[in-house]
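Hi there,

Here is the structure I promised to pass on. Have a look at it first, and then read on for what turned up.

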Amino acid sequence: MRILIVGAGEVGFQTAQRLAQEDKEVVVVDTNPAALKRCTELLDVQAMEGSGSDPHVLMHAGVRESQVLLAVTDSDETNLIACMFAHSLSPGIRKLARIRNETYTSFAPDFLQRTLGLDTVVNPDEEAVRAIERLMAVPDAEDVLEFAGGRLKVVGLRLRPEAAVTGQNLAELRQRPATAPLVVAAIFREERLIVPSGEDTLQPGDLVYLVCRNADLAVTLKSFGYRSQPPASALIVGGGDIGLRLAQRLEPTAMHVRLVERDPARCEYLSSVLHRTVILHGDGTDQELLQEENVGELDLVVTLTGDEETNILCSLLARRLGTDMVITRISKFAYMPIVQAIGLGHVVNPRLAAIDSVLRHMRHSKIFSLSSLKTEDVEVQEIEVEDGAPVTTTALRHLLLPRGVLVLAVLRGEEAIIPQGDTILRPGDHAVVLCRRERIAAMEAAFGPAGHHA
């Protein structure tokens, strides 16, 4: 597969890195020579300097020989024009565009699809708000993923020393009578990933990813000693696009929401479009303001300014003042391990969410959703089991799946099944599968149709 990426920023670079690791032919176009130099020095990709909105540059970059165009610059307009010219120059090419401004996407139903032949719109702000909503629904979890339209949850819990399951091995855990059916998908111990077997034991400080049916979530959390009660009060720091979008989503709920914004003109605008949210003019890093607002008594603080350092400082202040739960927006990938190290477990990265959304459309298989876990080395996919696939021939316990590939759940019609060793996958099932990045091709072969595998 040949893929043309317009935009060598963080989203373009990280997407190119992942696709190059999967042996796809990648060409990156950007006007910034320094960004292109980073791509060619660190990745096995081709680079071309120029604007992706220039049809001559697209021709030179091989748009007619490419199967996919990803337009992921920071400019919606550049992305749209790149797709427009690609549609004209290569009508069969699949086009994915990163578009943040809702003016373009909400103008008329399917307008962009009809006029530009646009296959997919990726909105990082919308993906970030969804991630925040998932975290809010399970306050004690550091990470929450949803599959099968929310019927299945993958929940990352940081094990406390007093947790009842500490010291147990996974074989014992599955035998516990009080526990609903669940699978331990992954364990992160000191940032190292363990794809678990029955012999692995759970230790304090582990980040444990559990898979369970949504209907069993409360029981599962309780058995581990965690809450499932969503927050009743929240403070949003930053009234930009993501802050406004989140406030709008929370307005119909019973939650008491306050929003702090530094820019007085923006405060005026927010007051005109939000009706139940209390708008405060001020700086989220002002300790006096936070104390006046009794931040320590709030259930949740979400820091969503466009500045990472401000978000980190606000989050640390809120934690110090006693807030139960803090969610921090981070866009720079280099900051992710630092934020974990200083104890800010709830992190939302709009760019990572956008990359996951893009990658779902890059695979051979029929993938319905895709999410990366804490590091980018492992992902969880909801994938359709195709007719004649090798995985349909035998029970799970006898399947010779590649090391680092684990079937977490099976979705059969409306039923979500936590699999046992004797479960047999059928064509048409949706399997939720954990897979190390270097095993993706082998995993696709196992779940794909006969003849797809080598």
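Is strand E8 (residues 152-158) mostly covered or mostly uncovered? Strand E8 is mostly covered, with six of its seven residues buried. Buried here means under 20% relative accessible area, with exposed over 50% and partly exposed in between (1.4 Å probe, protein chains only). Strands (E, at least two residues) and helices (H or I, at least four) are DSSP runs, numbered from the N terminus.

Before going further, please note that this is a predicted model, in which local features need pLDDT of at least 70, side-chain atom pairs count only at pLDDT 80 or more, and totals for chains, interfaces and linings use all residues. Residues are numbered from 1 along each chain as its sequence is written, and side-chain values use heavy atoms, leaving out hydrogens and water.

**Partners of E8**

E8 pairs in the antiparallel sense with strand E7 (residues 141-147) over six bridges, and also with strand E11 (residues 207-213), again antiparallel, over seven bridges. Two strands pair if DSSP finds at least two bridges between them. Opposite leucine 157 of E8 you will find alanine 141, while lysine 153 stands opposite cysteine 212 in E11. The hairpin of E7 and E8 has four residues between the strands, and alanine 148 takes a positive phi near 55° there.

**Glutamate 251**

This residue sits in the loop between helix H10 (241-250) and strand E13 (256-261). Glutamate 251 counts as buried because its relative accessibility is 13%. Its side chain reaches the backbone nitrogen of histidine 275 at 3.1 Å, and the C-alpha atoms of these two residues, 24 residues apart along the chain, are separated by 7.6 Å.

**Helices H7 and H10**

The axes of helix H7 (residues 124-137) and H10 come within 9 Å and cross at roughly 50°. Axes are lines fitted to C-alpha atoms, for helices over the stretch in contact (heavy atoms within 4.5 Å), and angles run from 0 to 180 degrees between N-to-C directions. H7 and H10 are therefore oblique to each other; angles under 35 degrees count as roughly parallel, over 145 as roughly antiparallel, 65 to 115 as roughly perpendicular and the rest as oblique.

**Helix H15**

Nine of the 10 residues of helix H15 (residues 350-359) are buried, including Pro350, Leu352 and Ile355. Asparagine 349 caps the N-terminal end of H15, with a side-chain oxygen 2.9 Å from the backbone nitrogen of arginine 351.

Best wishes

Methods:
Polar contact = N/O pair within 3.5 Å; in protein donor to acceptor, adjacent residues only side chain to side chain.
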